[in-house]
Amino acid sequence: MSFKNLKNLLLAATVSLGVMVAGVSAHADMTKEEVEKIVQEYIANHGDEILKSVDEFQKKDIKIRQDEAMKQHHDELFNNEHSPFIGNEKGDVTLIEFFDYNCHYCKEILPNLQKIAEEDKGVKIIFKDIPILGATSETAAKWALAAHKQNKYFEYHIKLMQNKGPINEGLLVKSAEAVGMDVAKAKKDAESTDVLIQLERNRSLFSSMGFNGTPAFVINEEAFAGGQEDLKGRIAAARDKKKD
């Protein structure tokens, strides 16, 4: 969080104190200690209200940041030809997932995404590899993008997401062989400049959106983070909003 945002957050925490402090300040004969005592008592008695105020401010701040980022990086989000996707390329709803191959919640939500792709022919699902959970996440993301070069991305993605054990080179190679990839080409492509650039672009986009964990999503113009979200409900809401 930037210093400016931190300062704004602290200011928001004092909103609930504003009227009371102003009233106290009007009494010029009160000592500094007396004022501090009143403020401390107010905080002790209204802690929940202050925390709620801070939480609401933080949510608004993140929403503003995400809306600005979506406008500024719209093409990078929705039209990057190097980002793998499944579903209807010209669908009326676009769902973007930022994920990590070591993320437990990302693994849990895969069946949900598969079901959406199978049942809803109006949805495009874009995958943004964002390796934030260590070196093996980085390596897996490189191999996945290498799979994309062989038109094997989603098959390979499923293999890695269904893996319950640690990620290592043996797993990456075995999974590549299982989906019919050219392993030698994959090894070379995984370290190619364009794959490295794509991962950096994903990281930059992830940061610009104010996300700090996976999975994180964008559905049309709405950004949010979470695990087993009601994605179908959010897709329906996005369609309704588009009609308005």
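## Exposure and the model

A residue counts as buried under 20% relative accessible area, as exposed over 50%, and as partly exposed in between. K149 has a relative accessible area of 36%, so K149 is partly exposed. The structure described here is a predicted model.

## Helix 7 against helix 10

Two packed helices are described by the angle between their axes and the distance between the axes. Helix 7 spans residues 135-149 and helix 10 spans residues 183-190; they pack at an angle of about 120°, and their axes are 8 Å apart. That angle makes helix 7 oblique to helix 10. The crossing of helix 7 past helix 10 is right-handed.

On the helix 7 side, the contact is formed by K142, W143, A146 and K149. Their counterparts in helix 10 are V183, K185, A186, K187, D189 and A190. Sorted by type, the residues of this contact are five nonpolar and five charged, with no polar ones.

## Salt bridges between helices

Side chains of opposite charge can pair when their charged atoms come close. Across the whole structure, a search finds eleven salt bridges. One of them joins K232 and E119, with the closest N and O atoms 3.0 Å apart. K232 belongs to helix 12 (residues 231-243) and E119 to helix 6 (residues 104-119), so this pair ties together parts that lie 113 residues apart in sequence. With a relative accessible area of 41%, K232 is partly exposed.

K149, already named in the contact with helix 10, also forms a salt bridge with D194, where the closest N and O atoms are 2.3 Å apart. Because K149 lies in helix 7 and D194 in helix 11 (residues 193-208), the pair ties together parts 45 residues apart in sequence.

E200 and R203 form a salt bridge through their side chains, at 2.5 Å from N to O. Both residues lie in helix 11, three residues apart, so about one helical turn separates them. E200 has a relative accessibility of 45% and counts as partly exposed. R203, with a relative accessible area of 22%, is partly exposed too.

Technical notes. Residues are numbered from 1 along each chain as its sequence is written. This is a predicted model: local features need pLDDT of at least 70, side-chain atom pairs count only at pLDDT 80 or more; totals for chains, interfaces and linings use all residues. Side-chain values use heavy atoms; hydrogens and water are left out. Axes are lines fitted to C-alpha atoms, for helices over the stretch in contact, and angles run from 0 to 180 degrees between N-to-C directions. Helices (H or I, at least four residues) and strands (E, at least two) are DSSP runs, numbered from the N terminus. Angles under 35 degrees count as roughly parallel, over 145 as roughly antiparallel, 65 to 115 as roughly perpendicular and the rest as oblique. A crossing is left-handed if the near helix is turned anticlockwise from the far one by less than a right angle, and right-handed if clockwise. Contact means heavy atoms within 4.5 Å. Ala, Val, Leu, Ile, Met, Phe, Trp, Tyr, Cys and Pro count as nonpolar, Asp, Glu, Lys and Arg as charged, and the others, Gly among them, as polar. A salt bridge is a side-chain nitrogen of Lys or Arg within 4 Å of a carboxyl oxygen of Asp or Glu. Buried means under 20% relative accessible area, exposed over 50%, partly exposed in between (1.4 Å probe, protein chains only).
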